[in-house]
Amino acid sequence: MSDSEKDLEELSIDEWVATVSDVYKDVDSRRTGNELWLQVLDEASKMMESIRKEEIPDTTKQCVKVFGWLGSLVAEGLREPKTVADFDDPIIGSLRATSVNDFIGGPESLGKFILLKYPEVCHTCGGDPCDCTANRMITENRRSQRYENKFKELQKISIARLTAAEGRFKSPEFTKAELERPIDEVFHMYSRIYGGIHYDIDLWKIGDHLMEEIGEVGKRIVDLGQVRRMEVQAKKGALDVNKVVIAAYKKTIPRNKVSPLGSVEEIKEMGHKQLLNFFKDYHTYGMKSELADSVSWLSGVWNKIAIITKARDLSFAERLTQNFKNYQGLVACRACGNTRCNEECLSIDLCSRTFMEQATGGA
Ligand SMILES: [Zn+2]
Ligand SMILES: [Zn+2]
């Protein structure tokens, strides 16, 4: 698409998602959300293997692959459900729902998920740079008398900083510029906020944080699948949703408190659709937030590599471009060289890997 008009390295994060997912559109649309996320897991675990073996060039290659598959999942999650087959996949169309506390507006996208969680500041302390680590003694001991007031003060400061940061998005020009900035600038934002932390922890620990986030996105996918099954069962009359929600209420909400859905009496009166939408929205928002955290730690791995190798201007966009450009300079599949990858390419890949594995002594 835009590569003829715009230098690939200048593409925004959303343009990259659109560009890469365009290459794999035909094949990815036949994959389930679960399968796509398992590809992220596969590439991220290979990234961890290269970190363990201290093979930096492989680590950078794996970072790009993790991002590519993450983009595929996001593209599928944003795609409008069209066929009957889509209905069984809880991911298709799930990310299109408007976000809770949407101070940005406009359509949903990975760039937006990132800004909703990281509006140019840390989402916890509101700092730029983040000062969570410096104040850890206070936050960890917030329930003790000694730190109680100090914690309240800290909270006030972070709320004020976050409100100010989110307020800047009231300007449509500011929002547009934020969403359209090149992907390297998104990575710079993260290293500006969290770079201090990256200096102090080892590369494998940063990679481990990324793995945690990848697991958390996976859990949201599982949870959205459960909500989907609840919907199907309720529709058939095989599941009493109100009964389930009230049982959970009694198990978890203290006596004098009310659930976010209201009191037991109110829940009794609600339709199952309304109840299930609450859980669906909650976990969809959770997934968006976890996706933003995944990109945050991915940029952490990237920044740490830059620190270790002293390559201050290590460009993620440049590496992405190298990975997805064919000999004609077009964005294409690395394996088949086509601008639109197809089933044949994936089948050849599967068969080749099988032969290779078999020849080298199996899995
Ligand atoms: Zn912070
Ligand atoms: Zn291909």
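These legends describe an overall view and several close-ups of one predicted protein model. Local features are given only at pLDDT of at least 70, and side-chain atom pairs only at pLDDT 80 or more, while totals for chains, interfaces and linings use all residues. Residues are numbered from 1 along each chain as its sequence is written, and chains are lettered from A and ligands numbered from 1 in the order in which they are written.

Figure 1. Helices (H or I, at least four residues) and strands (E, at least two) are DSSP runs, numbered from the N terminus. The C-alpha trace spans about 65 × 55 × 50 Å along its principal axes. Buried residues make up 33% of the 363 residues. A residue is buried if 20 or more other C-beta atoms lie within 10 Å of its own, exposed if 12 or fewer, and partly exposed in between; C-beta atoms are placed from the backbone.

**Figure 2. The largest nonpolar core has 70 residues.** Such a core is a set of buried Ala, Val, Leu, Ile, Met, Phe, Trp, Tyr and Cys residues joined through C-beta atoms within 7 Å. Val66, Val74, Leu291 and Leu298 have the most contacts inside this core. Among the elements that give two or more residues to the core are helix 2 (33-52), helix 4 (110-117) and helix 9 (203-236). Leaving out residues up to four places away in sequence, Leu291 touches Leu70, Val74, Leu110, Phe113 and Val217. Two residues are in contact if their C-beta atoms, placed from the backbone, lie within 7 Å.

**Figure 3. Helix 13 (residues 316-324) has buried residues Phe316, Ala317, Leu320 and Phe324.** They cover an arc of only 95° around the axis, which puts them on the same side of helix 13. The arc is that of the directions from the helix axis to the C-beta atoms. Their cover includes helix 1 (13-28), helix 3 (56-78), helix 8 (183-200) and helix 12 (272-309).

**Figure 4. The peptide bond from Asp128 to Pro129 is cis.** Its omega is near 5°. Pro129 sits in the loop between helix 4 and helix 5 (136-140). Most peptide bonds are trans.

**Figure 5. Asn101 and Lys310 are two loop residues.** Most residues other than glycine have a negative phi. Asn101 has a positive phi, near 50°. This residue lies between helix 3 and helix 4 and is exposed, with 8 other C-beta atoms within 10 Å. Lys310 has a positive phi near 60°. Lys310 lies between helix 12 and helix 13 and is exposed, with 7 C-beta neighbours inside 10 Å.
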